[in-house]
Protein chains: 2
Amino acid sequence: MVDKLRVITDYLLKAESVVILPHINADGDALGASIALALALKKMNKEVNVLTEEEIPNNLNFLPGQDLVNQKGPEVYDVAVNIDNGDITRLGSREHYYHSARIRLSIDHHSTNKVEADCSYVDTTSSATGEIIYDLLTRYMNAELNKDIALCIYTAIVTDTGCFRYTNTTSRTLSVSSKLLEYEIDFPFVIKKAFDTMSLAKLSAIRQVINSLRLYEDGKIAVSYLTKKDIEIYSLKPDDFEGLVNIGRNIEGVEVSVFLREDGQDLFRVNLRSNDYVDVSKIAEGFNGGGHKRAAGLNISKKLEEAISALVDATISEIRGND
Amino acid sequence: MVDKLRVITDYLLKAESVVILPHINADGDALGASIALALALKKMNKEVNVLTEEEIPNNLNFLPGQDLVNQKGPEVYDVAVNIDNGDITRLGSREHYYHSARIRLSIDHHSTNKVEADCSYVDTTSSATGEIIYDLLTRYMNAELNKDIALCIYTAIVTDTGCFRYTNTTSRTLSVSSKLLEYEIDFPFVIKKAFDTMSLAKLSAIRQVINSLRLYEDGKIAVSYLTKKDIEIYSLKPDDFEGLVNIGRNIEGVEVSVFLREDGQDLFRVNLRSNDYVDVSKIAEGFNGGGHKRAAGLNISKKLEEAISALVDATISEIRGND
């Protein structure tokens, strides 16, 4: 089998100019992996640009190497590297940089990756593209890491693993991170910026969800919701809804959390989560929705109280069937 | 210098009966480290008991080896091991087991440790006592680890490092944890049980704090509080107050978070936290309190609104002095 990271290394070492292209709405992994690679190539005296669709978001504005990051660059590069991106159209307005480069490379960890390239390396066992970049730099390119590069790769890994909490965290993830900490990076600062800082809108969403919370079936079912009015008053964006269903799920004794979000007049998007034994996909199927055992979703077109009542009844049946 | 872990190993290997004694209110580290050591000694066919003051708390009831955990045991053991405990009186009603043992050993990572023992090993560079136990088992006792022991040590480490977030996390912490993951432990389950599960009381406290939240000085100061009435209605315990000051601190744009908790009629315990540049110990000193740059505390005897007003004024002065 061809060692694709070796092929990628050869192309990169030969290139004089390299453009690095993370997906739109670049997150901690996309940006961290991109800048880490850029810093290493810069140290090898190559012309290198990281081109992003948007400015660097506030929660990642501590990343070093931002002088290498722009929204535009020269039209043609020797090598373009698509980073952490499974679909080339998700380069947005920057797609032409990829196609016009003499050599097109792609490095990713998403199983859905379908990018065409002169060499495409997809490793779904890596927690983050940053973990692959660590391998590429240390085992293939013989690049010398430094504190800035270590900080970028650490950021990539912690943001994609929820600080080593998600199931994509492996023994290798922790081993790589252990080596990154040897560079004495200020990791508590990274975590504070990347995870702990919260917009006032998000906090308002959390407050509304907690205020709306009701428990049923001896506290085994938690129901919470956001109305269209809540969403408008606090100018909530899709990002702000993330994780809200877990507030109910995390309450001691709760088995199923039901979270409703009013998408249109009397039209609700519903998330279901369970902890231990209820298969919530079965509940969702009863409403023409779907999902997995522990996470499912559905749409329901009813008035709020009727929707809650229907969902609670269906959930009670499922819980009692398991008891 | 004497290698104390070697001395401890020799005592343990010679012993026929061992009692392991974690501090009262045993947490994830105290219990995880204790049970890990107990499981390893049991595999060496020794009589071993972990004696705890209380039943194992709900959030740690997934720990294996609970058949080795009791509240009482035989009066005399060959060896007693004090675990994760810097003050022998914090063994509570079990202190006599320590004193009546033929050999008394102590293993801890707290710098304040003042326990007297035949051999006392205190390593303040270890994130958790569990990290020391890993070293003891693998490098000294040649104990074979298994999935159960790995799970206990992992629990010890993640609970004492806030899942690798706190500053006590080191390169070695991650390296040890990397090796623990090789035993294919269900670490997301540990994290869910140990961190994510929340009592209804705690959630009510969070709700009250968010509802009470006010911002001052262009959003640079966040003030929140719990009244005596809140504390009574929701039967809040000291544990429930932990971390509440961070709700305000984590809001985007906030530099100083002020959290007041009514301890008695018009008597408030106040926590101060800052993010980047305000030295909150200076604010606290103005009210005869104290602390560090980023975390300080004080008591104030005023009516709620007067207390907030005084604290906000003092904080504004400190912020403007820095601007």
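**Close-up views of a predicted model**

**Figure 1. Helices α2 and α4 of chain A are roughly parallel to each other.** The model shown here, and in the views that follow, is a predicted one. The two axes cross at roughly 15° and come within 8 Å; an angle under 35 degrees counts as roughly parallel, so that is the label this pair gets. The crossing itself is left-handed. On the α2(A) side, look for A:Asp29, A:Gly32, A:Ala33, A:Ala36, A:Leu37 and A:Ala40, which touch A:Thr129, A:Gly130, A:Ile133 and A:Leu137 of α4(A). Sorted by class, this contact has six nonpolar, three polar and one charged residues.

**Figure 2. Helix α2 of chain A also meets α5 of chain A, with the two roughly antiparallel.** Here α2(A), which covers residues 28-43, has an axis that comes within 7 Å of the α5(A) axis, and the two cross at roughly 160°. Angles over 145 degrees count as roughly antiparallel, so this pair falls in that group. The α2(A)–α5(A) crossing is left-handed. From α2(A) come A:Gly28, A:Asp29, A:Gly32, A:Ala33, A:Ile35, A:Ala36, A:Leu39 and A:Ala40. Facing them in α5(A) are A:Asp148, A:Ile149, A:Cys152, A:Ile153, A:Thr155, A:Ala156, A:Thr159 and A:Asp160. By class, the residues of this contact are nine nonpolar, four polar and three charged.

**Figure 3. Chain B touches chain A.** How many residues are in contact here? The count is 27 residues of chain B and 28 of chain A. On the chain B side, the elements giving two or more residues are α6 (171-181), α7 (187-196) and α8 (200-212). That side of chain B has 12 nonpolar, 10 polar and five charged residues.

**Figure 4. Chain A is assigned two domains.**

Conventions
Residues are numbered from 1 along each chain as its sequence is written. Chains are lettered from A and ligands numbered from 1 in the order in which they are written. This is a predicted model: local features need pLDDT of at least 70, side-chain atom pairs count only at pLDDT 80 or more; totals for chains, interfaces and linings use all residues. Domain bounds come from an automatic or database domain assignment. Two residues are in contact if their C-beta atoms, placed from the backbone, lie within 7 Å. Helices (H or I, at least four residues) and strands (E, at least two) are DSSP runs, numbered from the N terminus. Ala, Val, Leu, Ile, Met, Phe, Trp, Tyr, Cys and Pro count as nonpolar, Asp, Glu, Lys and Arg as charged, and the others, Gly among them, as polar. Axes are lines fitted to C-alpha atoms, for helices over the stretch in contact, and angles run from 0 to 180 degrees between N-to-C directions. Angles under 35 degrees count as roughly parallel, over 145 as roughly antiparallel, 65 to 115 as roughly perpendicular and the rest as oblique. A crossing is left-handed if the near helix is turned anticlockwise from the far one by less than a right angle, and right-handed if clockwise.
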